[in-house]
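I opened this chain to look up its sheet, its helix packing and its cores. My entries follow in the order I made them.

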Amino acid sequence: MKYASLGWRWLVVGNRVGVDVMATVRFGEQKINRDQLPEGKVLCEYCTAKCCRYFALPIDTPESFEDWEFVRWYLLHDRASVFLDEDNWYLLVHTTCKHLGDDNRCGIYETRPQICRDYTTDNCEYEDSWTYDKYLETPEQVWEYCEATVQKKGRSIRSPQPPLLPVAH
Ligand code: SF4
Ligand code: SF4
C-alpha cells in the first residue's frame, strides 16, 4: 500500500515489451505470482492497475471526541475509509484515476504526475494479502471505536434511542 499517495502505475510503453503486450495480453487479464514474473515482463502487465484506483492522504491522529466527529463525517461519504498503519492514520478514497484506460493502462503516460513516475512495483499492492493495523469503513464503526477509546459519558455521537412502541392490550 502506498501512502500520501496517489493512484499510480508503472508501465512500459512504446518499447518492444509494450508492443508485445498490446498484441497478445490485455493488461490485467492474467494474474501470476510475483516470483513467476517472466524475464523482460513488467508486473503491471498482470495487474488490474490497483494502485490507480484510490488515493490516500495522511491525517492528524484522531485523539478527541471532536476529532472522531471529523472521521465520522469522512465516512458518511461514499468510497471513503480511514486506516492506521505504523502509527499513522490515513484517509483512503477509493476512486479511479480519470486517465486509467479500459485496458488498465495509463492514458497520460508521457505527462503522468511525478508521484506516478516515482512509484515502483517493489512494494506495491499487487498481491491481495496486505493488511492494516486498523481499518474503519462505516460511521457506525467510528461510533464504536470512539465509544471504546475517547468518548466521555453523556457525549454519545449515536442518535438517541427512539421511544418504545406502545403495547396494545
Ligand atoms: S499495483 Fe503494482 S503491479 Fe499493479 S499496476 Fe500498481 S505498481 Fe503495477
Ligand atoms: S496518471 Fe496514469 S499512472 Fe497516474 S494514477 Fe492516473 S492512470 Fe495511474
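**Contacts along the chain.** I began with contact range. Among contacts between residues at least 6 apart in sequence, 73% join residues at least 24 apart.

**Ground rules.** This is a predicted model, so I noted its limits: local features need pLDDT of at least 70, side-chain atom pairs count only at pLDDT 80 or more, and totals for chains, interfaces and linings use all residues. Residues are numbered from 1 along each chain as its sequence is written, while chains are lettered from A and ligands numbered from 1 in the order in which they are written.

**Elements.** I listed the secondary structure next and found four helices and four strands. From the N terminus on, the elements run α-β-α-β-β-α-β-α. Helices (H or I, at least four residues) and strands (E, at least two) are DSSP runs, numbered from the N terminus.

**Sheet.** What is the order of the four strands in the open sheet? I read β1-β3-β2-β4, with antiparallel pairing. Edge positions belong to β1 (55-59) and β4 (134-136); each has a single partner strand, so one side of each is left without a neighbour in the sheet. From one strand to the next, the twist averages 25°. Two strands pair if DSSP finds at least two bridges between them.

I then went through the pairs.
- β1 and β3 run antiparallel and are joined by five bridges. Alanine 56 stands opposite leucine 92 in β3.
- β2 and β3 are also antiparallel, with six bridges. Tryptophan 89 in β3 is a bridge partner of leucine 84.
- β2 (residues 80-85) and β4 pair in the antiparallel sense over three bridges. Here the partner of leucine 84 is lysine 134 in β4.

β2 and β3 form a hairpin with two residues between them. Glutamate 86, in that turn, has a positive phi of about 50°.

**Helix on the sheet.** I followed α2 (residues 65-75) across β2, β3 (88-93) and β4. It runs at about 130° to β2. Axes are lines fitted to C-alpha atoms, for helices over the stretch in contact, and angles run from 0 to 180 degrees between N-to-C directions.

**Helix pair.** How do α2 and α4 cross? Their axes come within 8 Å and cross at roughly 165°. That makes α2 roughly antiparallel to α4. Angles under 35 degrees count as roughly parallel, over 145 as roughly antiparallel, 65 to 115 as roughly perpendicular and the rest as oblique. Phe65, Trp68, Val71, Arg72 and Leu75 in α2 meet Pro139, Val142 and Cys146 in α4.

**Cores.** I looked up burial first: 20% of the 169 residues count as buried. A residue is buried if 20 or more other C-beta atoms, placed from the backbone, lie within 10 Å of its own, exposed if 12 or fewer, and partly exposed in between. A nonpolar core is a set of buried Ala, Val, Leu, Ile, Met, Phe, Trp, Tyr and Cys residues joined through C-beta atoms within 7 Å.

The largest core has 11 residues, among them Tyr54, Trp68, Val82, Tyr90 and Leu136. At least two of its residues come from each of β1, α2, β3 and α4 (139-149). A second, separate core of nine residues includes Tyr46, Ala49, Cys97 and Cys124. I also checked valine 71. Beyond its neighbours within four places in sequence, valine 71 is in contact with Pro62, Val82 and Val142.

**Loop residues.** Is alanine 49 buried or exposed? It counts as buried, because it has 21 C-beta neighbours inside 10 Å. Alanine 49 lies in the loop between α1 (16-24) and β1, and its phi is positive, near 60°.

Arginine 79 sits in the loop between α2 and β2. Its phi is positive too, about 60°, although it is not a glycine. Arginine 79 counts as exposed, with 11 C-beta neighbours inside 10 Å.

My last entry is tyrosine 119, in the loop between α3 (114-118) and β4. It counts as partly exposed, since it has 18 C-beta neighbours inside 10 Å. The C-alpha atoms of tyrosine 119 and cysteine 51 are separated by 9.4 Å, though the two residues are 68 apart along the chain.

Note on methods
Contact = placed C-beta atoms within 7 Å.
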